[in-house]
Amino acid sequence: MKELVEVIAKALVKNPEHVNVNETTDNLGTVYELHVAPEDMGKIIGKQGRIAKAIRTVVKAAATRENKRVMVEII
């Protein structure tokens, strides 16, 4: 899942070398924290949050196939 988030984010931004994904696990599931350069934040979030919502949907769909619970936070 971590690689999936990273590949999607790197495809969207101007500075792919600044993309960083941290993975933490708690009792609710796995949380992926996506860090990008400040100037790329708009490209990741998109108009009215559509891109961010699409990223979360794709990751949740992939996690559902493995019976896992995940969340993606964009920081």
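This is a predicted model: local features need pLDDT of at least 70, side-chain atom pairs count only at pLDDT 80 or more; totals for chains, interfaces and linings use all residues.
Visitor: Which residues of α3 are buried?
Guide: Buried means under 20% relative accessible area, exposed over 50%, and partly exposed in between (1.4 Å probe, protein chains only). By that cut-off the buried residues of α3 are Ala52, Ile55, Val59 and Ala63.

Visitor: Within what arc do those buried residues fall, seen down the axis of α3?
Guide: The arc is taken over the directions from the helix axis to the C-beta atoms. The buried residues of α3 line one face of the helix, because they fall within an arc of 65°.

Visitor: And which exposed residues sit on the face turned away from the buried side of α3?
Guide: First, the buried side: its residues pack against α1 (2-12), α2 (41-45) and β3 (70-74), with contact meaning heavy atoms within 4.5 Å. The face turned away carries the exposed residues Arg50, Lys53, Thr64 and Arg65.

Visitor: Now the strands. How many bridges join β1 to β2?
Guide: Two strands pair if DSSP finds at least two bridges between them. β1 and β2 form a hairpin with two residues between them. In that pairing Asp26 stands opposite Gly29, and Thr24 stands opposite Val31. The strands run antiparallel, and the bridge count is seven.

Visitor: What about β2 and β3, parallel or antiparallel?
Guide: Five bridges join β2 to β3, and Leu34 stands opposite Ile74 in β3. Five of the seven residues of β2 are buried, so β2 is largely enclosed by the rest of the structure. As for the direction of β2 and β3, they run parallel.

Visitor: How far from Asp40 is the nearest side chain of opposite charge?
Guide: Asp40 lies in the loop between β2 and α2. Lys and Arg count as positive and Asp and Glu as negative, while His and the chain ends are not counted. A salt bridge is a side-chain nitrogen of Lys or Arg within 4 Å of a carboxyl oxygen of Asp or Glu. Asp40 is buried yet has no salt bridge, and the nearest opposite charge, on Lys43, is at 5.9 Å.

Visitor: Then which residues does Asp40 touch, not counting those up to four places away in sequence?
Guide: One of them is Asn15, in the loop between α1 and β1, which counts as buried at 19% relative accessibility. Asn15 itself touches Ala37, Glu39 and Asp40, with the sequence neighbours up to four places away left out. The list for Asp40 reads Val13, Lys14 and Asn15.

Visitor: Is Ala37 buried or exposed?
Guide: Ala37 lies in the loop between β2 and α2. Leaving out residues up to four places away in sequence, Ala37 touches Asn15 and His18. Its relative accessible area is 6%, so Ala37 counts as buried.

Visitor: How many salt bridges are there by this rule?
Guide: Glu6 pairs with Lys10, the closest N and O atoms being 3.2 Å apart; Glu6 and Lys10 are four residues apart in helix α1, which means a separation of about one helical turn. Glu66 and Lys68 also meet in a salt bridge, at 3.5 Å from N to O. The total comes to two.

Notes:
Residues are numbered from 1 along each chain as its sequence is written. Side-chain values use heavy atoms; hydrogens and water are left out.
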